[in-house]
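Here is a friendly walk through one protein model, written to be read with the structure open beside you.

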Amino acid sequence: MGKTSDLTAVQKTIIDTLHKEGKTQKVIAKEAGCSQSSVSKHINRQAKGRKKCDRKKCTSSRDNRTLQRIVTTNPFKNVGEIHKEWTAAGVSASRTTTRRLMKDMGFRCRIPCVKPLLNMKQRKKRLAWAKDKKDWTDAEWSKVMFSDESKFCISFGNQGPRVWRKSGEAQNPRCMRSSVKFPPSVMVWGAMSSAGVGPLCFLRSRVNAAVYQEVLEHFMLPAADQLYGDADFTFQQDLAPAHSAKTTSTWFKDHGIPVLDWPANSPDLNPIENLWGIVKRRMQYARPNNAEELKTTIRATWALITPEQCHRLIESMPRRITAVIEAKGAPTKY
């Protein structure tokens with residue numbers, strides 16, 4: 001952003017206020033969310049007393065309210081659809097004007113946050129679980145090995161529809177989309193603790209109880225030896241059918257491994273979900289040509305995860321639990 005004309009009214013107000021307080025241009029640019037050159041140009045223009053020409057606006061306040069109502073009613077529409085609906089209401093304006101006014105109103109086109117669908121029963125169980133674990137210390141959480149499966153695609157560009165929202169509306173239910181589980185193209189199982197990450201397992205078939213127990217035998221146990229040695233630990237898993245099967249429960253009992261009770265549909269409580277996010281963000285510019293190249297890229301990126309990163313994620317467990325309690329069991333930002 002190098003032009004002062006690109007600055008919104010809110011940004012200009014922030015720049016003027018902080019400049020009067022004597023803040024440096026670097027600090028002002030960071031607070032206003034723009035480049036330092038934009039701050040400099042705006043301050044210089046104000047100092048010289050130069051103003052933009054007061055060209056007559058092509059839309060009225062009523063037209064602008066209509067536009068804001070259209071965006072707020074359905075924030076998942078693209079600019080073209082919004083412009084079409086706005087002009088259908090009798091407004092004469094270009095698509096460029098539509099986009100500019102939306103920007104002036106504070107709307108930004110963002111990828112929507114994803115939240116799991118939770119019914120009231122699941123929320124109550126999440127809340128009860130969080131209250132039961134709210135006094136756990138970092139030392140207790142460091143004894144938990146967190147696990148999960150995640151889907152990786154050859155192309156990371158298709159992230160679904162985008163949403164028009166204002167600053168601070170990321171967690172507004174109106175601006176979020178619900179997540180559901182789909183059959184994966186490449187599914188990976190992994191585990192982590194505060195000491196680091198374990199080996200990855202690429203799942204070749206649908207995961208039933210027998211396949212999952214093979215994963216536990218050949219990947220989870222080596223991960224436990226690597227991360228805990230001879231020390232005791234507790235294993236965490238979600239409530240997928242293969243995880244909660246009777247034969248799987250028997251497997252854990254036979255191996256003397258305690259399993260952490262876990263609320264359904266609670267990826268926001270699992271720090272390994274954040275780890276998957278880190279891996280996928282690092283891979284966003286990778287362009288593997290086939291499944292084998294994709295696996296190689298995943299392994300290389302996973303190997304770059306440091307114990308310090310894992311430790312910080314485990315330390316976030318008390319904050320996650322507090323957030324669930326404050327939300328009364330509803331999904332949280334984690």
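## A cysteine in a loop

Cys-153 is partly exposed, because its relative accessible area is 28% (under 20% counts as buried, over 50% as exposed and in between as partly exposed, using a 1.4 Å probe and protein chains only). You will find Cys-153 in the loop that runs between β3 (144–152) and β4 (163–165); strands are DSSP runs of E of at least two residues, helices are runs of H or I of at least four, and both are numbered from the N terminus.

Beyond its neighbours within four places in sequence, Cys-153 is in contact with Ser-185 and Leu-294, where contact means heavy atoms within 4.5 Å. Gly-33 is 120 residues from Cys-153 along the chain, and their C-alpha atoms are separated by 32 Å.

## Before you go further

This is a predicted model, in which local features need pLDDT of at least 70 and side-chain atom pairs count only at pLDDT 80 or more, while totals for chains, interfaces and linings use all residues. Residues are numbered from 1 along each chain as its sequence is written, and side-chain values use heavy atoms, with hydrogens and water left out.

## The aromatic rings

The structure holds 10 aromatic pairs; rings of Phe, Tyr and Trp (its six-membered ring) pair if their centres lie within 6.5 Å, and planes under 30 degrees apart count as stacked, over 60 as edge-to-face and the rest as tilted. One of them joins Trp-129 and Trp-141, a tilted pair because the ring centres are 6.2 Å apart and the planes stand at 50 degrees. Trp-129 belongs to helix α7 (residues 120–133) and Trp-141 to helix α8 (residues 138–141), so this pair ties together parts 12 residues apart in sequence.

Trp-141 also pairs with Phe-146: their centres are 6.3 Å apart and their planes at 25 degrees, so this pair is stacked. How buried are these residues? Trp-129 has a relative accessible area of 5%, so it is buried; Trp-141 is buried at 0%, and Phe-146 is buried at 0%. Ring pairs link Trp-129, Trp-141 and Phe-146 with Trp-136 and Trp-262 into a cluster.

## Lysines over rings

Lys-280 lies over the face of Phe-152, 4.9 Å from the ring centre. A charge sits over a ring if NZ of Lys or CZ of Arg is within 6 Å of the ring centre and within 35 degrees of the ring normal.
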